[in-house]
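The structure is shown first, and the description follows.

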Amino acid sequence: MAFKKLINFKTLSAILASIFLFASTVIAQDAGATTTPATDDAANATMWTGVGYYVLLFLLVAVIVGIVGKIFRVYDLTSQIQGKKGMNWNNIMGVCFIVFLIAGSYGAYWSFVEQGSHILPAAASIHGVKLDNMFMVTFGITVIVFFLTQIALFGFSYLYRGSDKRKAYFYPHNNTIEKIWTVIPAIVLTILVITGFFTWSEITNTTDAKGEPASINIDVTGHQFAWEIRYPGKDGKLGVKNYRLVTGLNKLGVNFQDKNSFDDLIADTLVLPVNKSVRLNILAQDVIHSVYMPHFRVQLNAVPGLPTFFKFTPTITTAEMRTKLDNATFEYLLYCNKICGGGHYNMKKVVRVVSEAEYQDWLSKQKPYLNDQLRKELKMADNGQTKGIVQNRLALNN
Amino acid sequence: MSTLAVHDHDVAHHNDHDEHHHQDTFLTKYIFSQDHKMIAKQFLITGITMAVIAMILSVLFRIQLAYPDKAFPLLETLLGRFAPQGRLDPNFYLSLVTIHGTIMVFFVLTAGLSGTFSNLLIPLQLGARDMASPFLNMLSYWFFFTASVIMLGSFFVTKGPASAGWTIYPPLSALPKAMPGSGEGMTLWLISMVLFVASSLMGGINYVSTVLNMRTKGMDLWKMPLTIWAFFLTAILGVLAFPVLVAGVVLLIFDRSFGTSFYLSEIVVNGQIMPYEGGSPILFQHLFWFLGHPEVYIVIMPALGISSEIISTNSRKPIFGYHAMVYSLIGITVLSFIVWGHHMFVTGMNPFLGGVFMITTLIIAVPSAVKTFNYLATLWRGNIRFTPAMLFAIGLVSFFISGGLTGIFLGNAALDINLHDTYFVVAHFHLVMGSAAIFGMLAGVYHWFPKMFGRLMDEKLGYLHFWLTFIGAYLVFFPMHFMGLDGVPRRYYAFTEFESMKQWLSVNVFITWAAIMSAVAQLAFLFNFFYSIFFGKKTTQNPWNSNTLEWTAPIEHFHGNWPGEIPTVYRWPYDYSKPGHHEDFIPQTVPFSQTMSSNLPHDFEDNETGLEALAQWHKANPVKEEVK
């Protein structure tokens with residue numbers, strides 16, 4: 001269904017675009033055919049004919065606009081000569097506003113239905129469902145206000161379009177009305193603020209409650225332009241890190257003087273068990289990134305020097321979502337949502353939500369962070385460690 | 001001619017002053033002018049030039065978004081190394097986005113809007129001969145001009161202009177290794193912004209002191225047009241907020257060039273451990289948005305002021321709830337200082353702080369709503385003249401509603417989690433502060449063009465310009481909401497890397513063509529503007545039958561604005577269609593004694609003798625007209 005709609009929309013926009021594009025694609029095809037064997041000059045020539053074509057098209061439109069303008073002028077003058085009134089632009093503009101109101105309302109409705117069907121599916125996390133509800137309430141309120149005010153704006157513009165026969169109604173103020181429309185938005189906004197405030201506090205209050213099983217701790221570290229994922233081992237605890245320990249092999253700078261770090265795991269995919277609370281520790285190494293997982297309604301910036309975390313509970317497995325969306329290749333994604341450099345647009349990580357059994361199975365197959373190569377490196381470094389750090393500092397201060 | 005008139009009427013001590021201006025050379029009249037009207041025109045034309053440049057930049061990146069896989073040899077010819085093989089370089093794409101935003105927000109909608117209309121209208125609508133300090137005013141323009149040149153100059157450095165987004169968050173902007181644009185390009189950006197802020201401070205101080213000290217006789221604060229109120233409050237906002245940006249920028253310069261760590265901590269770039277320790281990138285965001293949020297009101301308030309004036313004049317009706325309009329402007333001014341945190345809900349800032357900022361943010365929606373309702377009430381039962389200025393003012397209200405409502409989503413910290421930095425935000429602010437403010441500016445240009453150049457702009461071309469731009473802007477920004485709701489992030493070079501985003505490629509093509517249409521429509525404006533300066537129809541002194549003081553000044557310009565004495569003001573500026581008066585407007589300079597038939601008890605609130613005189617007059621002239 002959705003795809004059919006997409007095609008509809010494609011054809012619609014294509015019709016619009018093709019008005020401008022039609023001949024240029026012909027030229028482009030010609031260019032494509034000729035450039036492969038031809039020299040730069042020929043390519044240049046076709047390029048400039050393309051440009052020339054657009055310039056001519058523009059000039060043509062400008063001339064047409066000029067001619068239409070002149071026709072209006074002539075019509076106006078002749079009717080004035082005949083003693084009739086000229087064109088009444090006040091009426092024309094008033095009607096234009098009504099036409100815009102009707103066409104615009106339909107366009108907005110069409111957008112809500114067509115493009116609205118392409119937005120994110122229902123939230124796949126516990127707090128996300130609350131957010132979706134709140135979104136719908138806010139949407140309901142704003143969309144009513146939107147249509148009412150726009151109808152009033154364009155409707156009044158049409159109804160009270162100027163005429164020499166009328167005089168406007170002198171109405172400088174009315175304190176009662178003003179009080180009403182100050183208080184009503186204030187009340188509505190207060191309700192939204194209060195519900196928003198409590199939902200926000202609930203989402204961000206991320207300490208594990210007493211008696212609740214501890215959340216799964218996972219480190220997500222952003223750097224240009226990828227994410228590194230570290231799982232705790234059997235102890236459920238992640239080893240501490242220090243950015244000064246970063247090397248080619250120890251990419252995250254894990255400190256192996258901390259025993260918790262020995263069984264840490266490194267993973268390619270963020271795999272999460274369904275219906276288990278997950279605590280993502282969000283870190284960045286170089287610039288600010290942002291962990292964004294729209295399906296779970298999760299977003300938090302990854303700031304170098306300022307570790308943050310987000311706690312949430314996924315509720316729908318990837319497999320369930322695939323059947324729900326009727327899309328066999330669907331994957332949850334984690335991607336960067338804070339400008340971080342040239343590769344910002346391609347910084348994704350696949351997120352997979354699986355059953356508890358699958359999760360344990362997957363976890364057992366993951367490689368330890370502390371691999372043999374890293375062990376070797378650490379042993380070598382151990383000998384001259386203190387000296388090395390001092391030298392390092394000196395070098396950095398230069 | 002007109003200066004002679006000054007000699008005839010003016011008191012003796014003004015003579016020296018006027019003599020001085022007889023020797024106007026080209027240099028002192030058109031370049032280093034100290035006349036507020038000329039400075040206003042300088043700001044306007046520089047602002048328009050910058051707007052056109054920023055618009056072209058936006059068309060470039062729109063083409064990239066619509067056709068991410070297609071090569072355009074022309075781009076390589078025009079941009080050289082920034083578009084190898086006819087495709088934009090990803091880093092240069094970010095530069096385009098950054099410079100587009102910077103120019104539009106600061107150079108067009110701050111300097112171009114406030115600079116033009118505050119300079120033009122504050123002295124003219126208040127009845128002053130010039131600004132409090134004409135010299136500072138001239139400096140303000142030339143600092144702005146230098147800042148513009150440096151900003152554009154950054155396109156000519158090897159690694160390209162700044163590209164960390166217009167908000168230039170460190171560490172991205174602080175580490176030249178993080179991206180090419182954070183090299184010399186960023187240095188130039190920072191220098192340019194420091195000059196810009198200096199310019200804007202000089203302007204702002206001037207506006208505030210002029211409004212407070214140089215009003216003509218009878219012009220008390222509650223008789224000022226809403227334009228002046230808006231410019232006045234905007235200037236206060238600017239004077240208080242811009243220095244904080246300079247503080248932030250200077251610390252960033254320190255981090256970049258002198259090895260300090262104000263914003264930097266625990267950084268490893270490309271495997272290299274950096275020595276910075278103990279700073280906080282969030283600190284910069286606090287400093288930036290402490291300016292940045294008032295900045296959006298610096299952008300929108302003058303536009304609201306201008307549209308208040310235009311809507312009232314062209315509806316032939318007093319603005320509804322003048323006092324409420326002023327109080328809501330004051331409310332916005334005060335509240336705008338305590339809402340900056342709503343840009344930072346998901347930065348990792350303390351969540352409790354986020355909750356507080358959410359409350360203040362949604363409170364600021366109340367005065368904005370009041371303003372909207374008052375505009376609608378002003379249109380109600382008016383006698384609306386659709387001049388191009390009026391069309392743009394109505395368009396502004398429409399955008400202000402559409403964009404303002406989505407602010408209720410984004411101001412809610414909880415909803416912001418999923419909407420932050422997506423196209424939803426792009427749609428929101430382009431409607432509410434981008435399109436709305438530029439419409440305010442265009443409305444102002446159409447309305448006060450006769451005052452600036454003594455000629456009228458062509459109305460029909462104005463209509464064409466309005467409809468193409470109005471429809472185009474909605475076509476561009478409305479679909480973006482849905483992209484945002486699908487979780488498409490802003491500042492992405494291409495949507496091709498994500499399967500889920502590919503469904504929006506066709507929408508991107510549509511948006512790009514709508515943007516190109518709107519961009520082409522601006523040629524109608526540019527032609528109209530420049531043609532009318534030289535060949536437009538000559539204007540009459542008060543072409544819109546307006547009440548405000550600027551239309552009592554003679555058409556031809558001279559330094560000093562009015563020959564002879566400055567007119568005295570007797571009434572508020574919105575006596576349109578007052579019952580009992582033979583015309584549908586009563587200029588501010590007409591005393592109540594001349595309009596006995598239309599006076600209302602309300603006009604004499606704190607004036608008992610006036611009230612008595614009115615009562616006596618009513619006794620002497622029993623009501624005839626009102627009865628029928």
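Asn545(B) counts as partly exposed because 16 C-beta neighbours lie inside 10 Å; a residue is buried if 20 or more other C-beta atoms lie within 10 Å of its own, exposed if 12 or fewer, and partly exposed in between, with C-beta atoms placed from the backbone. Its phi is positive, about 50°, although Asn545(B) is not a glycine. The residue lies in the loop between β4 (537–538) and α18 (608–620) of chain B. Helices (H or I, at least four residues) and strands (E, at least two) are DSSP runs, numbered from the N terminus.

This is a predicted model, in which local features need pLDDT of at least 70, side-chain atom pairs count only at pLDDT 80 or more, and totals for chains, interfaces and linings use all residues. Residues are numbered from 1 along each chain as its sequence is written, while chains are lettered from A and ligands numbered from 1 in the order in which they are written.

**Backbone geometry**

Most residues other than glycine have a negative phi, and most peptide bonds are trans. Asn270(B) is another non-glycine residue with a positive phi, near 50°. Asn270(B) counts as exposed, because it has 11 C-beta neighbours inside 10 Å. Its loop connects β1 (268–269) and β2 (272–273) of chain B.

| Cis peptide bond | Omega |
|---|---|
| Gln224(A) to Phe225(A) | about -10° |
| Pro170(B) to Pro171(B) | near 5° |

Phe225(A) is placed in the loop between β1 (216–223) and β2 (226–231) of chain A. Pro171(B) belongs to the loop between α7 (134–153) and α8 (184–213) of chain B.

**The sheet of chain A**

Chain A has nine helices and eleven strands. Six strands form an open sheet with mixed pairing, in the order β8-β5-β1-β2-β3-β11 (chain A). Two strands pair if DSSP finds at least two bridges between them. At the edges are β8 (308–312) and β11 (367–368) of chain A, each of which pairs on one side only.

Strand β5 (residues 278–284) of chain A runs antiparallel to β8(A), and five bridges join the two. Within this pairing, Ile282(A) stands opposite Thr308(A), and Asn281(A) stands opposite Phe309(A). β5(A) also pairs with β1(A), to which seven bridges join it in a parallel arrangement; here Ile216(A) stands opposite Val278(A). β5(A) is mostly covered, with five of its seven residues buried. Over chain A as a whole, 29% of the 398 residues count as buried.

**Domains and confidence**

Domain bounds come from an automatic or database domain assignment. In chain A, this assignment gives domain 1 (22–32 + 41–87) and domain 2 (216–384), whose C-alpha centres lie 57 Å apart. In chain B, it gives domain 1 (33–538) and domain 2 (549–620), and their centres, taken over C-alpha atoms, are separated by 37 Å. The contact between the two domains of chain B takes 24 residues from domain 1 and 21 residues from domain 2. Two residues are in contact if their C-beta atoms, placed from the backbone, lie within 7 Å. On the side of domain 1 of chain B that touches domain 2 of chain B, helix α6 (residues 90–126) of chain B gives the most, with four residues.

The mean pLDDT of chain A is 84, and 84% of its residues reach 70 or more; pLDDT is the predictor's confidence in each residue, from 0 to 100. Over residues 1–38 of chain A the pLDDT is below 50, and this stretch has 30 contacts in the model beyond near neighbours in sequence. The pLDDT also stays under 50 over residues 390–398 of chain A, where the model has three contacts beyond four places in sequence.

**Contact between the chains**

In the model, 99 residues of chain A are in contact with 104 residues of chain B. The elements that give two or more residues to this side of chain A include α2 (40–81), α4 (126–159) and β7 (298–302) of chain A. α5(A) gives the most, with 15 residues. By class, the side of chain A that touches chain B has 53 nonpolar, 36 polar and ten charged residues. Ala, Val, Leu, Ile, Met, Phe, Trp, Tyr, Cys and Pro count as nonpolar, Asp, Glu, Lys and Arg as charged, and the others, Gly among them, as polar.
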